[in-house]
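User: I am new to this structure and would like a short tour. Could you take me through it step by step?

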Amino acid sequence: MSTTAPDPLATLGALPGVADAVDSVRKAVDRVYGHRVMRRRSNEVTAEAALRGARGSAALSGADWNLEEVRRRTDFSGDDESQVIGAALRLTAEAGQLLSIWRQSPLRVLARLHLVAAGGAAPDDAVGRPRLVGESVDEPLIEAPLPDADEVAGRLEGLSGLILAGSAAPALVTAAVVHGELLALRPFGSYNGLVARTAERIVLIGSGLDPKSICPAEVGHAEQGRAAYVAAFEGYLSGTPDGMAAWIAHCGRAVELGVRESTAVCEALQRGAA
């Protein structure tokens, strides 16, 4: 008799509509990777995708700056919006450096991401660790009920276990679940949205779907708008099959829009305009 444990992520991958979203994302990613510019100038596309992804993630966290302003600015130590932009840029730069650690200790990576995001902006004893009982959370976009510290600890362990166990589920499904669960938990006192979107990026890169990190889902999340982001996230919170499928499809559309953005960068490089 088989004693193989069920694979909850693979179960989500079998939800109605999810296979179509996965297939659409895979085709979009394959197309941009096949662009002729990627043969010679993929590093430039990666760098531009990182910048645009950081801008998109920051926009969802309330700092909706023009791309050229983000590109031009060098000091992000000023007001709250500047600090959010700086945190998003640091996180995007850090994501690709943490892949090997993610496969061994996802919780260590999440702690590192919060440390990088905070950049000294929060009290030292509150940085790089899940919040404790009674500690507040600054995450204005997400107004869902906040799980208590004990629930956060248990669910983080559960998420880590899912990642370490591996899954037959498509990368999009795993990335969407990691993103959604971190938004639901808001485990840190600050920058949870930025950390959640960076973790999604890490999964997409590490899974092999987007190994060169040229498909910034953060761009697509921002382009779909904050209202659509929150509405889709409410589907995740519901835990229903339809709600989960809608969240995964939303994340898939975000990747496709990120692909469109990087395709435009490739075209501009090909014309010599970027």
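This is a predicted model: local features need pLDDT of at least 70, side-chain atom pairs count only at pLDDT 80 or more; totals for chains, interfaces and linings use all residues.

User: Understood. Which residues does His114 touch, not counting those up to four places away in sequence?

Analyst: His114 touches Ala126, Val127 and Gly128, and also Phe188, Gly189, Ser190, Tyr191 and Val195. His114 itself is found in helix 7.

User: Is His114 buried or exposed?

Analyst: His114 is buried, because its relative accessible area is 1% and the cut-off for buried is under 20%.

User: Staying with helix 7, how do helix 7 and helix 8 cross?

Analyst: Helix 7 covers residues 106–118, and its axis comes within 9 Å of the axis of helix 8, with a crossing angle of roughly 120 degrees. The two helices are therefore oblique to each other, since 65 to 115 degrees would count as roughly perpendicular and over 145 as roughly antiparallel.

User: Which residues make that contact?

Analyst: Helix 7 contributes Pro106, Leu107 and Leu110, while helix 8 contributes Leu156, Glu157, Ser160, Ile163 and Leu164. By class, the residues of this contact between helix 7 and helix 8 are six nonpolar, one polar and one charged.

User: Where is Leu159 found, and what does it touch beyond four places in sequence?

Analyst: Leu159 is found in helix 8, which runs over residues 149–165. Apart from residues up to four places away in sequence, Leu159 touches Val178, Glu181 and Leu182. Leu159 counts as buried, because its relative accessibility is 7%.

User: How far apart are Leu159 and Ile142?

Analyst: Leu159 and Ile142 are 17 residues apart in sequence, and their C-alpha atoms are 20 Å apart in space.

User: A change of topic: what about Ala54 and Ala93, how far apart are they?

Analyst: Ala54 and Ala93 are 39 residues apart in sequence and 9.0 Å apart in space, C-alpha to C-alpha. Ala54 is found in helix 3, residues 38–60. Leaving aside neighbours within four places in sequence, Ala54 is in contact with Ala88, Leu89 and Thr92. Ala54 counts as buried, as its relative accessibility is 2%.

User: How many cavities of 30 Å³ or more does the structure hold?

Analyst: The structure holds one cavity of 30 Å³ or more. The largest cavity has a volume of about 30 Å³.

User: Which residues line the largest cavity?

Analyst: The lining of the largest cavity consists of Arg201, Leu204, Asp210, Ser213, Cys215, Pro216, Ala217 and Glu218. Helix 10 (192–206) and helix 11 (217–224) are the elements that give two or more residues to this lining. The lining residues of the largest cavity divide into four nonpolar, one polar and three charged.

User: You listed Ser213. What is its phi?

Analyst: Ser213 has a positive phi of about 55 degrees, although it is not a glycine. Most residues other than glycine have a negative phi. Ser213 lies in the loop between helix 10 and helix 11, and it counts as buried because its relative accessibility is 11%.

User: And what is the phi of Arg186?

Analyst: Arg186, which is not a glycine, has a positive phi of about 40 degrees. Arg186 is found in the loop between helix 9 (171–185) and helix 10.

User: Why does Arg186 count as buried?

Analyst: Arg186 counts as buried because its relative accessibility is 3%.

Definitions and conventions
Residues are numbered from 1 along each chain as its sequence is written. Side-chain values use heavy atoms; hydrogens and water are left out. Helices (H or I, at least four residues) and strands (E, at least two) are DSSP runs, numbered from the N terminus. Buried means under 20% relative accessible area, exposed over 50%, partly exposed in between (1.4 Å probe, protein chains only). Contact means heavy atoms within 4.5 Å. Axes are lines fitted to C-alpha atoms, for helices over the stretch in contact, and angles run from 0 to 180 degrees between N-to-C directions. Angles under 35 degrees count as roughly parallel, over 145 as roughly antiparallel, 65 to 115 as roughly perpendicular and the rest as oblique. Ala, Val, Leu, Ile, Met, Phe, Trp, Tyr, Cys and Pro count as nonpolar, Asp, Glu, Lys and Arg as charged, and the others, Gly among them, as polar. On a 1 Å grid over the protein atoms alone, a cavity is a set of points where a 1.4 Å probe fits but cannot get out, and a pocket is an open set with protein on both sides within 12 Å along at least five of seven lines; lining residues have an atom within 4 Å of a point. Grid points are joined across faces, edges and corners, and a volume is the space filled by probe spheres set on the points.
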